[in-house]
Amino acid sequence: MTTRAAARPVREALVAGALVALAWLLAAAAAAGGQEVPEMQEHVPPTVPDSLAEEPWVAEAPFGPGEHLVYHVKVGIFGVGDGHMSVHPVDTVRGNPTYRAVMGIEGSLMGLRVDDQYTTWFDLYTLQSWRYIRNVHQVNYKSFRHFEFYPDRGTWEREDNDEFGPLASRIPLDDIAFIYYIRTLPLEVGETYTLDRYFKDEGNPVVIKVIRKDRRETEAGTFNTIVVKPIIKTDGLFGEGGDAELHFTDDDRRILVYLKSNIPKFPGSLTLHLRSIQDGVPLHPDSRARVMEARAADTTSRRVSR
């Protein structure tokens, strides 16, 4: 008997899963780390300081509130939707100052709509996840999941159905927080990064290999990039069979410019192409200075190329 899910068109399912796949692909990158994982801080300031943008103890990171990246999603030669990744104003979860980042996708294929949104709240100081909400609206399928993370108890809990389980790490990361965490890694060519920080055991380890440098032309401009290959414990788009690649800008911003993954049992690849960049303001003073310098160099390079 053929189920409704099984009968769903292949490309439609790919549209729906494109950004989730991206999250896992980057999760692989984040998990990739031959680096020591720092212990969770004993104390996190309970409130956000008034002059937060000047506080040197915020974790160094190339992103910040106001950043908004827009992508065009394609399967083979067909455009099937648009995605975005946005960093919203600073928020708090149970008194812990956090970034609130949202990844979304809107797509249409043959008149069928997909509207998915994934929101993460991760710590300004440790970059660990405190909350993760997944809200999926796809053809013949809707799903809402609300996770809360309690490192002091060593558990995660689902608020929408009272499910709970053990955390795999004292400094856990969810799918979307992993995407931002990878941008804080050195990403040196030839290095392999392996981490066991996904909040569920079955998602670990995630491995990222930094394989080469490249140059990528997009609607947002032409960028020198660092290319990473994820290896994830899954049979999906970002398992070894997917032969996926991620291209990040080869500067201190580490913006995701391009993604490509082979599609199992389908004659084509899923790709994400950067369409536009709205810069955010990194909160750590050193990160802010480096990112501003990178922006200035990029602007000068584009003017010269014209």
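Q: Over residues 28-49, what does the pLDDT do?
A: In this predicted model, the pLDDT stays under 50 over residues 28-49, although the model has 70 contacts beyond four places in sequence for that stretch.

Q: And how does the protein chain score on average?
A: The protein chain averages a pLDDT of 79, with 72% of the residues scoring at least 70. Over residues 1-16, however, the pLDDT is below 50, and that stretch has 26 contacts in the model beyond near neighbours in sequence.

Q: Which elements have the lowest and the highest mean pLDDT?
A: Helix 1 (residues 4-7) has the lowest mean, at 38, whereas strand 7 (residues 155-158) has the highest, at 96.

Q: Switching to aromatics, how many pairs are there?
A: A search of the whole structure finds 13 aromatic pairs. One of them is Trp156 with Phe199, which counts as edge-to-face because the planes stand at 80°, over the cut-off of 60 degrees, with the ring centres 6.1 Å apart.

Q: Where in the chain do those two sit?
A: Trp156 is in strand 7 and Phe199 is in the loop between strand 9 (192-195) and strand 10 (206-218), so the pair links parts of the chain 43 residues apart.

Q: Is Trp156 buried or exposed?
A: Trp156 counts as buried, at 6% relative accessibility, and Phe199 counts as buried too, at 1%.

Q: What about strand 14, which strands pair with it?
A: Strand 1 (residues 68-75) pairs with strand 14 (residues 269-278) in the antiparallel sense over eight bridges, and strand 13 (residues 256-262), also antiparallel to strand 14, is joined to it by five bridges.

Note on methods:
Residues are numbered from 1 along each chain as its sequence is written. This is a predicted model: local features need pLDDT of at least 70, side-chain atom pairs count only at pLDDT 80 or more; totals for chains, interfaces and linings use all residues. Side-chain values use heavy atoms; hydrogens and water are left out. pLDDT is the predictor's confidence in each residue, from 0 to 100. Helices (H or I, at least four residues) and strands (E, at least two) are DSSP runs, numbered from the N terminus. Contact means heavy atoms within 4.5 Å. Two strands pair if DSSP finds at least two bridges between them. Rings of Phe, Tyr and Trp (its six-membered ring) pair if their centres lie within 6.5 Å; planes under 30 degrees apart count as stacked, over 60 as edge-to-face and the rest as tilted. Buried means under 20% relative accessible area, exposed over 50%, partly exposed in between (1.4 Å probe, protein chains only).
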